[in-house]
Amino acid sequence: MNAPTTLKELLPAATEGASANLAEQGTNLVHESAHLHVTGAAVYTDDIPELRGTLYAAIIMSPVAHGELIGDGIDRAAILAEHGVVAVYTAKDIPGENNCGPIIHDDPFLATGKVEFLGQAVAVVVAKDMLYAREAAKNAKVLVKELPAILTIEEALAANSYIMPAKAITRGKPQEAIAAAPHKLSGSTYCGQQEQFYLEGQITYAVPREDDQLTLYVSTQHPDGNQREAAAALNLTTKDVEVICRRMGGGFGGKEGNASIFSQSAALAAHKLQKPVKLRVNRDDDMMITGKRHDFRHDYTVGFDDEGRILGVDFMIASRCGYSMDYSGPVNNRAVLHIDNCYYLPNLHIISHRCKTHTQSATAFRGFGGPQGMFGIETVIEEIAQALGKDALDVRKINLYQEPAVSGNAQTMTTQYGQQIKDWVGDRVINQVEAESKYRERRAEVTAFNAKSKTRKRGVALVPLKFGISFTATMLNQGGALLNIYMDGSVSVNHGGTEMGQGLNTKMQQVCADGLGIPASFVRVTATDTQKVPNASATSASSGADINGAAIMNACEQMRARLAPVAARMLGCDASTIKFVAGRAVNMPANGIFDAKNSVEWSALIKKAWLDRVGLSVAGFYMTPEIGYDIDTLMGHAFYYFCYGAAVTEVEIDTRTGEWWLSAVDIVHDAGQSINPAIDIGQIEGAYIQGMGWLTMEECVWDLKGKPSKDGFSGRGKLLTHGPSTYKIPVASDVPEHFKVSLFDNQNLKPTPFRSKAVGEPPLMLALSSYFAIRDAVSASADHKKRVAFKAPATPERILMACEALKV
């Protein structure tokens with residue numbers, strides 16, 4: 001076969017207009033672990049072959065929501081007498097800092113002096129078998145004096161119980177605008193908690209090494225956090241602790257901070273005993289110990305005109321944060337920053353209360369406060385539409401952000417926190433999904449059906465989203481990568497992100513391949529390892545591909561600069577004309593046509609580079625530019641860019657039973673220029689279904705009254721839905737046959753890898769359309785003539801009660 005002689009022949013799959021070396025990005029490369037997943041060969045933490053002498057740990061949990069520990073809180077002698085038990089440790093056995101709080105150090109990983117939620121870790125018991133450890137933990141009696149507990153948002157507000165001071169934003173003159181508005185209404189709504197329900201539960205395998213070193217194999221989104229916190233707990237330096245994560249079976253935010261509870265407990269036991277220790281909690285204990293999505297109460301008063309234009313709005317939002325800070329500060333801040341969603345609110349006041357309760361500390365969950373903020377404003381939009389007898393889509397459109405050139409007002413493209421929106425495509429996304437879904441025709445069909453059907457009602461809703469991308473803690477917006485090239489030309493790349501099934505490593509493989517101009521098959525992305533890339537931020541805030549991909553691009557740029565002179569010497573040309581494409585170094589003239597002899601294969605180039613003693617290992621680094629945000633005032637350039645999307649959902653309900661069916665979903669989502677469209681569409685579909693679960697069926701039910709146990713404890717504050725038998729997540733049968741996803745044709749204005757956009761969190765908010773479609777169907781049961789009182793999740797019970805209430 002003759003060597004290619006033109007750039008087009010070298011890059012037959014290259015995207016039109018893409019730069020010369022981009023052949024892998026923009027293609028539907030199969031997930032790098034897909035063949036391992038489907039054959040059962042993918043190695044998760046629990047699959048790692050155990051070393052001889054491995055012991056097993058389990059957590060002893062608090063039986064009360066609030067109480068004072070008596071002594072250590074346990075009867076050591078009784079526990080040590082249990083069959084197979086080797087050791088038991090409490091807070092007093094920790095040689096260093098007792099903390100798993102990711103921001104404020106207010107969260108002990110083993111309770112000290114007091115307990116503040118039912119399920120809090122009091123001690124860790126170690127045994128020769130996992131069954132023995134779990135039985136000992138279950139049988140252990142916790143010595144505690146029970147105290148009164150605050151459990152709900154309402155109880156916390158009444159008691160002025162807050163985890164941190166409230167924060168507020170005021171724009172314009174909201175009270176005056178509301179007072180002067182032709183129409184006004186007030187209301188209150190609620191959106192519930194959500195369990196992350198990752199398929200692989202929390203697990204750590206702690207292996208002691210020589211000279212007080214420790215290796216932790218952890219299912220975690222934040223290896224750096226686990227490393228630092230374990231080192232601090234054991235009075236070691238960070239260099240002495242290595243954390244490795246090849247992959248997770250899901251995370252969704254629940255393994256960002258909460259993983260430290262288990263990694264530190266296992267590390268403590270392994271360090272004390274100098275034996276390998278595995279700590280894998282069962283599903284029930286996992287759900288009893290770990291934090292959920294924050295639930296929110298929204299109180300609002302809004303003034304609007306005859307067209308539905310919001311003239312002024314006042315929000316009071318309050319969330320249940322649990323007993324410690326965890327990520328509640330930034331989660332609630334992000335809710336405040338996303339209360340506008342896609343809408344220009346000229347006169348706005350919002351105050352955010354962060355309630356302290358004696359429950360698990362609410363933590364990160366996909367969307368990180370954004371969904372809860374959007375839920376508030378979308379409820380207001382729906383209320384306005386119903387009050388005016390309008391289609392909610394028309395109310396949404398009239399309130400959208402507008403270019404100042406169109407509106408005549410310089411503020412109509414500026415958020416309530418002072419950031420100018422420079423990449424607005426929200427209106428175009430809405431128009432596209434409206435057309436593709438045939439929304440107006442569907443609305444007419446739904447109306448016609450409802451007019452004929454007495455007991456079955458249908459609803460339809462179109463809801464947009466605008467979601468900001470960046471960590472709001474500016475210092476976290478940085479990433480690192482390590483690039484190694486071996487003598488045969490194969491490449492390994494390591495980065496600070498973690499793979500949790502979302503396809504991050506596949507995208508990073510594509511970014512690296514194009515960065516070096518080689519096929520993706522040449523590249524292996526290796527397990528996340530704190531001794532390869534240090535000080536990495538958590539894989540969260542939808543930043544994984546942006547930050548780590550840019551760090552890999554930086555490493556590739558450095559490597560190309562090293563290799564170009566080697567290729568130039570081999571080809572007898574100037575280094576400035578060398579291009580790396582399709583597994584070759586090419587002497588590429590400006591016209592893109594070259595002599596076939598003026599190229600060298602990648603493997604030959606690498607061998608020559610090694611012979612010439614050119615370094616074939618390089619570290620890359622990236623920091624997100626342009627952002628700057630004041631966490632005290634909540635003002636500034638909080639986000640690098642925005643993602644947009646819109647979804648149309650149609651549902652049907654049975655007004656006699658509250659049952660409901662998801663009939664059809666149409667989505668248009670802005671992923672920029674997608675690195676891997678197949679992976680992005682998969683993320684969009686999964687995010688929608690997970691969001692639909694949060695809003696319609698996943699309900700955390702708490703025992704607020706209590707039922708005394710044989711030990712005399714009240715049982716008040718117990719999570720009753722702590723397993724799959726009582727906590728229902730969506731399954732395959734909940735996905736409708738009509739489920740259409742289109743990627744919006746767009747490029748990121750910012751120079752992200754391949755001009756792509758983040759796709760992890762934003763699509764979850766598309767599921768707001770499922771909740772509001774159900775609300776629309778409920779409203780149809782009263783011919784849209786009565787105001788609907790509704791909360792999320794929209795369970796069959798709530799649907800039935802809402803329909804019954806409209807009969808009164």
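**Hairpin β27–β28**

I started at the hairpin that β27 and β28 form, with five residues between the two strands. Gly 658 sits in the turn and has a positive phi of about 85°. The model is predicted: local features need pLDDT of at least 70, side-chain atom pairs count only at pLDDT 80 or more, and totals for chains, interfaces and linings use all residues. Residues are numbered from 1 along each chain as its sequence is written, and side-chain values use heavy atoms, with hydrogens and water left out.

I took helices (H or I, at least four residues) and strands (E, at least two) as DSSP runs, numbered from the N terminus. Two strands pair if DSSP finds at least two bridges between them.

I then looked up the pairing within the hairpin. β27 covers residues 641–654 and pairs with β28 in the antiparallel sense over nine bridges. Ile 653 stands opposite Trp 660 in β28.

Ala 664 stands opposite His 738 in β31.

I checked burial too (buried is under 20% relative accessible area, exposed over 50%, partly exposed in between, with a 1.4 Å probe and protein chains only). β28 spans residues 660–669 and is mostly covered, with eight of its ten residues buried.

**The eight-stranded sheet**

I traced an open sheet of eight strands next. Its order is β3-β5-β1-β12-β9-β10-β11-β20, and the pairing is mixed. β3 (85–89) and β20 stand at the edges with a single partner strand each, so one side of each has no neighbour in the sheet.

I looked at one pair inside this sheet. β1 (residues 55–61) and β5 (residues 121–127) run antiparallel and are joined by six bridges. Met 61 stands opposite Ala 121 in β5.

Contact means heavy atoms within 4.5 Å. Helix α4 (residues 130–139) lies across β1, β3, β5 and β12 (277–280), and runs at about 15° to β1. Helix α7 packs on the sheet as well, touching β10, β11 and β20. The direction of α7 makes about 150° with that of β11.

**Helix α7**

Is α7 mostly covered or mostly open? I found it mostly covered, with nine of its eleven residues buried. Among the buried ones are Pro 223, Asp 224, Gln 227 and Ala 231. The cover includes β10 (214–218), β11 (241–245), α8 and β20 (528–529). Asn 235 follows α7 and has a positive phi, near 60°.

I then examined how α7 meets α8. Helix α7 (residues 223–233) packs against helix α8 (residues 259–273) at an angle of about 40°, with the axes 9 Å apart. That makes α7 oblique to α8. Angles under 35 degrees count as roughly parallel, over 145 as roughly antiparallel, 65 to 115 as roughly perpendicular and the rest as oblique. On the α7 side the contact includes Gly 225, Asn 226 and Ala 233. On the α8 side it includes Ala 259, Ser 263 and Ala 267.

**Nonpolar cores**

A nonpolar core here is a set of buried Ala, Val, Leu, Ile, Met, Phe, Trp, Tyr and Cys residues joined through side-chain atoms within 4.5 Å. The largest one has 145 residues. Phe 315, Leu 483, Leu 516, Leu 563, Trp 602, Tyr 688 and Val 778 touch the most other members. Helix α17 (residues 544–571) gives the most to this core, with 13 residues.

I listed the neighbours of Leu 516, not counting residues up to four places away in sequence. They include Leu 483, Cys 556, Met 559, Phe 580 and Trp 602. A second, separate core has 36 residues, including Ala 231, Ala 233, Leu 234 and Ile 261.

**Ile 310**

I picked out Ile 310, in strand β14 (residues 310–322). Ile 310 is buried, with a relative accessible area of 2%. Leaving aside neighbours within four places in sequence, its contacts include Phe 304, Leu 345, Ile 377 and Asn 399. Ile 310 and Asn 399 are 89 residues apart along the chain, and their C-alpha atoms are separated by 6.8 Å.

**The three-stranded sheet**

Last, I looked at an open sheet of three strands in the order β4-β2-β6, with antiparallel pairing. β4 (114–115) and β6 (142–146) are its edge strands, each pairing on one side only. β2 (residues 67–74) pairs with β4 over two bridges. Glu 68 stands opposite Lys 114 in β4.

Definitions and conventions:
Axes are lines fitted to C-alpha atoms, for helices over the stretch in contact, and angles run from 0 to 180 degrees between N-to-C directions.
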